[in-house]
Every structure is written in structure tokens, then in C-alpha cells.
Amino acid sequence: MSFKKTIKLKTILTALLVSLLSILLLKVITQVPLTSQALGITLLDLNRDLTHSANAVTSVVTYFRGLDTLGEVTILFLSIFGVGIGIDRSTQMKTILHYDNTLLKIGAHVLFPVIILFGIYIIVHGHLSPGGGFQGGVVIASAFLMKFLAYGDAYELDHRILVLFEALSGVGVVVLGLLGLLSGGLFLSNVLPLGRLGTLLSGGIIPLLYLFVGLKVAAEITVLVEYFLRTQDARDA
Amino acid sequence: MIGLLITGTFLLLIVLAYVTVATPYLASSVVYFMAFGLGSTVLYFLFSAPDVALTEAVIGAGVSGVVFLVALLQTQTREDDA
């Protein structure tokens, strides 16, 4: 009897909370004026004057909202950390899940450098064309994923190098931010010459920042994928 | 032309989402989900957001599908009557 009552009370409270939140949301939606177009134009003007980055999305992500990007990278690191704690208990016992397939092996062998090159291109041209650190980093990690699927344990990754990349790039982002804080008074403000709009060496610290973010994301997602693929061999168990 | 393309992609995405949930086989559900990711990549691109489209192409249609498939292979399938 009392059990039923608590459930009912919970349901009522949930309904009340949901309706309250939807009323608040409706209020916000109706009160905030739809100035997204004007905001976009202002941002584009600011971008042309402040960052000299041909890709405005990049300058929003790394320059106007650089601190958020640092937060995202931190969250990614913490989630990989959690996965490592949760999954990687006894590495010696586990083998990487893979398929013995000649076609897959040859395909992985041929495509691996091409995909790595494409990822580096996306990272390096982040301020010129669509893409950037996150996208390029994940593309690089997917190349490693393909290698793991094709070769399994025969393909060994040096974890020390991965950890080194990950740590150095993480430190690099923070050091760049502190340099901006020292010289310009703002965290992650520009400390390098802006260059000419549309050339590879332009945009101030944005290419450097995206290089760090890309390396960090690539190393982290690669480690994550390897953790996921490590499995107890079903035939041995 | 673009509007027609967008409408077609939307309809395709609705169908793919329904099939993803409705199919009785988990493996084909994952494949439909990856196709859904590919469709949303096209949609993002049509809405002139190539940055998001690039992320969706790698994450949605690639890595997450592989992670789902691996999880599927490492767990056992059992059907309860209840």
C-alpha cells in the first residue's frame, strides 16, 4: 500500500517538475529575440578582424570559445581514464578482437598511410577548410582502428609514445593559453602574428592549438578503441 | 532542388530510424544505425555545416558502429519470453 503511494508521489513530482521546466523553457524561447542572423554577421566581422582564419567555425571553436574547447578535451581525457579503469584489468589475459581476412589485411596495409595523411591534412587545414583538431584526430584514430581489426595482436602500439603525445599536447594547449594570459591579459588570446587570410600560416595560434587538440584526440581515441577491442578469447574461456 | 534533396534525406532518415528500432536482429540494427549516421552526414552537409558533417561521418558512421558491433560480439544473445 505504502509502496504504491510512494510511486504515485514520485510520478506526480516528476510531472510537476517536467511541466515547470517546460513552462520555463517556453518563457525563454518566447523572450529571447531571434537575432541569430545578426549575431552570425557580427561574428564573421569579428573573425575577419581578429583572427584572420578563413574558416569562421574554427575561430569560434578555438578563439572565441577556446576555454570550452579546453573543457571538452579535459572531459575526453577523463572519460578515457574511466574506460581504462573499468576495462583494462588484466591485459595479459586478453587478446584483441580481430578477423583473419587477407582482403582486410591488404586493404588496411594500403589504406593506412592514406587515412593518416588525410587526418593530418584535416588538422593542419583546420583554419582554412572544414574540419579541425577533433575531426582530424578521430580520422587518424580510425586508421589505427582498421589496423587493429585487421591484424589484432600482431599490430603492436607503443603506449609510451601515445602517452607522451597525449601529455605533451595537453600541456601545449595550457601553455599556449597561459602565454596568451601573460601577453594579452586573456586566456588563449593570440600571441603569434596573424598572417595573410587564406594562407597555411595564418590565424595566429589557431593552427598550433588545433595541432595539439588533434594529437590529443587521436591518441585518446586510439587508446579507447584498443581497450574496447581487447577481449577474452571465447575459445579459451 | 536542394529543398527536394533535404526532404528526401529527412524521409530516408525517418525510415532508417524506424527500421533501426524495429528490426529483430541486433547486428542489422547496428548496420541500419550506421546508415542513419551516413544519412545525417548528408543532411548536415546540405544544411551547410561541413564541420559537423565531417565529425558525424567519422564518429556516427564509423567508430560508434564498430564499438556497437564489438559490444554485440562480446555479449551473448538470449531471448526471454517475458
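Predicted model: local features only at pLDDT ≥ 70, side-chain atom pairs only at ≥ 80, totals over all residues.
Residues are numbered from 1 along each chain as its sequence is written, and chains are lettered from A and ligands numbered from 1 in the order in which they are written.

I begin with chain A. It holds eight helices and two strands, where helices (H or I, at least four residues) and strands (E, at least two) are DSSP runs numbered from the N terminus. Read from the N terminus, the order is α-α-α-α-β-α-α-α-α-β. Of its 237 residues, 32% are buried. The burial classes count other C-beta atoms within 10 Å of a residue's own, with C-beta atoms placed from the backbone: 20 or more is buried, 12 or fewer is exposed, and in between is partly exposed. Among the contacts in chain A with a separation of 6 or more, 72% join residues 24 or more positions apart; a contact requires C-beta atoms, placed from the backbone, within 7 Å.

Within chain A, consider helix 3 (residues 56-64) and helix 8 (residues 206-229), which pack at an angle of about 80° with their axes 10 Å apart. Axes are lines fitted to C-alpha atoms, for helices over the stretch in contact, and angles run from 0 to 180 degrees between N-to-C directions. Helix 3 of chain A is therefore roughly perpendicular to helix 8 of chain A; the classes are roughly parallel under 35 degrees, roughly antiparallel over 145, roughly perpendicular from 65 to 115, and oblique for the rest. Thr58(A), Ser59(A), Thr62(A) and Tyr63(A) of helix 3 meet Ile206(A), Leu209(A) and Tyr210(A) of helix 8. This contact has four nonpolar, three polar and no charged residues. Here Ala, Val, Leu, Ile, Met, Phe, Trp, Tyr, Cys and Pro count as nonpolar, Asp, Glu, Lys and Arg as charged, and the others, Gly among them, as polar.

I turn to chain B. Chain B has three helices and zero strands. The C-alpha trace of chain B spans about 50 × 25 × 15 Å along its principal axes. Buried residues account for 23% of the 82 residues in chain B.

Ser48(B) lies in the loop between helix 2 (26-46) and helix 3 of chain B. Although not a glycine, Ser48(B) has a positive phi of about 50°. Ser48(B) is exposed, because 10 other C-beta atoms lie within 10 Å. Pro50(B), in helix 3 (residues 50-74) of chain B, is partly exposed, with 18 such atoms within 10 Å. Leaving aside neighbours within four places in sequence, Pro50(B) is in contact with Pro130(A) and Phe45(B).

Finally, the contact between the chains. It takes 13 residues from chain B and 14 residues from chain A. The chain B side has nine nonpolar, three polar and one charged residues. Helix 6 (residues 133-151) of chain A and helix 3 of chain B pack at about 30°, with axes 10 Å apart, and are therefore roughly parallel. Residues in this helix contact include Phe134(A), Val138(A), Leu54(B) and Val58(B). By class, the helix contact has nine nonpolar, four polar and no charged residues.

Methods
Contact = placed C-beta atoms within 7 Å.
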